[in-house]
Amino acid sequence: MFDKLIEEIKKCNYCERDFGFTPAPVVWGNKNSKIVQISQAPSRIVSETLKPFTDPSGKTLKYEWYKIDDEVFYNKDNFYIAALAHCYPGKDKNGGDKNPPKCCFERWIKKELELIENDIYIIIGAKAAKVFFPQENFEDLVFKNNLYNNKLTIVLPHPSPLNKKWIKDHPDFVNIRLKEIRTIIDEVLK
Ligand code: SF4
């Protein structure tokens with residue numbers, strides 16, 4: 001059932017008319033991945049490589065925040081790398097990436113999350129956090145351990161270079177919280 005779902009996602013072109021180009025669904029992980037990581041949407045670079053976090057955000061996330069190498073990060077037994085949408089949605093009129101299409105979450109992501117037997121979730125960025133914890137303040141979520149589906153859930157700010165100000169304004173994130181998060185991840189991946 002899980003494999004069939006993944007094959008269907010890889011063939012999906014539901015948003016082609018809205019995007020104005022052929023969607024390129026990015027799917028990474030397996031049914032037993034220990035960590036389900038959910039961010040906003042693939043970047044243009046990732047939509048070309050079809051490998052998540054092969055962009056500047058990925059460098060920060062993997063090497064500076066998690067402090068793990070690609071061998072660990074891309075091991076599908078370790079990380080299921082999802083987002084609010086599987087495809088890069090194109091640019092908005094200000095030159096930023098468009099919001100992820102909402103239909104993808106209902107159509108695919110919800111079903112994936114029901115089937116994956118993960119230990120913890122990592123939610124990346126305020127937009128994704130709003131979907132999972134609509135009533136909670138984003139900063140509060142980052143600095144505490146949360147529960148989603150009765151599983152430990154970590155919330156991170158987006159590691160994009162565009163988010164440097166948030167990181168600078170919250171030094172406790174790098175100095176304290178990231179150390180706690182690395183301990184949790186190391187424990188789960190042991
Ligand atoms: S974003 Fe999701 S629903 Fe839209 S084309 Fe890609 S996989 Fe399909």
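Buried here means 20 or more other C-beta atoms within 10 Å of the residue's own, with C-beta atoms placed from the backbone. Strands are DSSP runs of E, at least two residues, and helices are runs of H or I, at least four, numbered from the N terminus.

Before I go on, this is a predicted model, where local features need pLDDT of at least 70, side-chain atom pairs count only at pLDDT 80 or more, and totals for chains, interfaces and linings use all residues. Residues are numbered from 1 along each chain as its sequence is written.

Back to β1. Ile35, Gln37 and Ser39 point one way, Val36 and Ile38 point the other, and all are buried. In a regular strand, side chains alternate between the two faces of the sheet.

So who sits beside β1? Strand β2, residues 79–83, runs parallel to β1 and is joined to it by five bridges, with Gln37 partnered by Ile81. Strand β3, residues 120–124, also pairs with β1 in the parallel sense, over four bridges, and there Ile38 has Ile123 as its partner. Pairing needs at least two DSSP bridges between the strands.

Now the core. The largest nonpolar core has 37 residues, and Ile38, Leu84, Ile122, Ile123 and Val155 have the most contacts inside it. β2 gives the largest share of this core, five residues. A core here is a set of buried Ala, Val, Leu, Ile, Met, Phe, Trp, Tyr and Cys residues joined through C-beta atoms within 7 Å. What does Ile123 touch, leaving out residues up to four places away in sequence? Ile38, Ala128, Ala129, Phe132, Thr153 and Val155, where contact means C-beta atoms, placed from the backbone, within 7 Å.

Next, the ligand. There are 15 residues around it, and Cys12, Cys15, Pro23, Cys87 and Cys104 come nearest; the cut-off is a backbone-placed C-beta atom within 6 Å. Helix α6, residues 103–115, supplies the largest share of that shell, four residues.

Zooming out, the protein has ten helices and five strands. Buried residues make up 34% of its 190 residues. Of the contacts with a separation of 6 or more, 68% are between residues 24 or more positions apart. And the C-alpha atoms fill a box of roughly 45 × 40 × 35 Å along the principal axes.

Notes:
Buried ≥ 20, exposed ≤ 12 C-beta atoms within 10 Å, placed from the backbone. Contact = placed C-beta atoms within 7 Å.
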